Structures are given as structure tokens and as C-alpha cells.
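Please keep the sequence and the model in view while reading.

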Amino acid sequence: MGQQTITAVHCPNCGSLAERIYSSSRRQTRTQCAHCDYLMVTGEGGDNLVRVVESYAPGIVSRSPVAVR
Ligand SMILES: [Zn+2]
């Protein structure tokens, strides 16, 4: 059985609220953002090095610039 710890974080890509899920059984941390599809999976090696297993960062969705009035 794997235990998961979910932490609320800010997405490094778009700054929205994302979630970081740590799986103790896999020793992997998964950060995912529902707002921009950002994904980052890192795994801990036996030597305390953290390796990127998988990452995906979409381009920041272009939004209409805030009109300055
Ligand atoms: Zn995001």
C-alpha cells in the first residue's frame, strides 16, 4: 500500500493553485496543475539525489492583457 501526501502549492508555470502529491511507496513527488496542465514528477534516488522522472510545462496560455483604463 502506498501512502500519499497531498500539499497545495503554487504552480511554477502559471502561478495558480496546484497540488503536489508525494508517494512514499514510489518515493516520487508529483506536481500537477489543473489550470495549465503543468506536470512534474521527481523521484528520490538512494543517494539522496532527486531526479526528474517526467516533466511537462505547457506554454503559458496567452490571455487578453488587462486593459488599462
Ligand atoms: Zn499551472
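Helices (H or I, at least four residues) and strands (E, at least two) are taken here as DSSP runs and numbered from the N terminus. Residue numbers begin at 1 in each chain and follow its sequence as written. The model is predicted: local features require pLDDT of at least 70, side-chain atom pairs count only at pLDDT 80 or more, and totals for chains, interfaces and linings use all residues.

On this basis, the protein chain contains zero helices and five strands. Its pattern along the sequence is β-β-β-β-β. How are the five strands arranged in the sheet? They form an open sheet with antiparallel pairing, in the order β1-β2-β3-β4-β5. Two strands are said to pair if DSSP finds at least two bridges between them. At the edges stand β1 (4–10) and β5 (50–56), each of which pairs on one side only.

Burial is described by counting C-beta atoms, placed from the backbone: a residue is buried if 20 or more others lie within 10 Å of its own, exposed if 12 or fewer, and partly exposed in between. Of the 69 residues of the protein chain, 10% are buried by this criterion. Contacts are defined by C-beta atoms, placed from the backbone, that lie within 7 Å of each other. Among the contacts in the protein chain with a separation of 6 or more, 15% involve residues 24 or more positions apart.

The pairing can now be followed strand by strand. Antiparallel β1 and β2 are joined by seven bridges. Within this pair, His10 has Leu17 in β2 as its bridge partner, and Val9 stands opposite Ala18 in β2. The hairpin of β1 and β2 has six residues between the strands, and Gly15 takes a positive phi near 85 degrees there.

Next, five bridges connect β2 with β3, again in antiparallel fashion. Glu19 has Gln32 in β3 as its bridge partner. Four residues separate the strands of this hairpin. Arg27 is found in the loop between β2 (17–23) and β3 (28–32), and has a positive phi of about 55 degrees although it is not a glycine. Is Arg27 buried, exposed or partly exposed? Arg27 counts as partly exposed because it has 14 C-beta neighbours inside 10 Å.

Five bridges also join β3 to β4, and these strands run antiparallel. Here Thr29 stands opposite Thr42 in β4. The loop between β3 and β4 (39–44) contains Asp37, which is not a glycine but has a positive phi of about 70 degrees. Asp37 is partly exposed, because 14 other C-beta atoms lie within 10 Å.

Methods: Contact = placed C-beta atoms within 7 Å.
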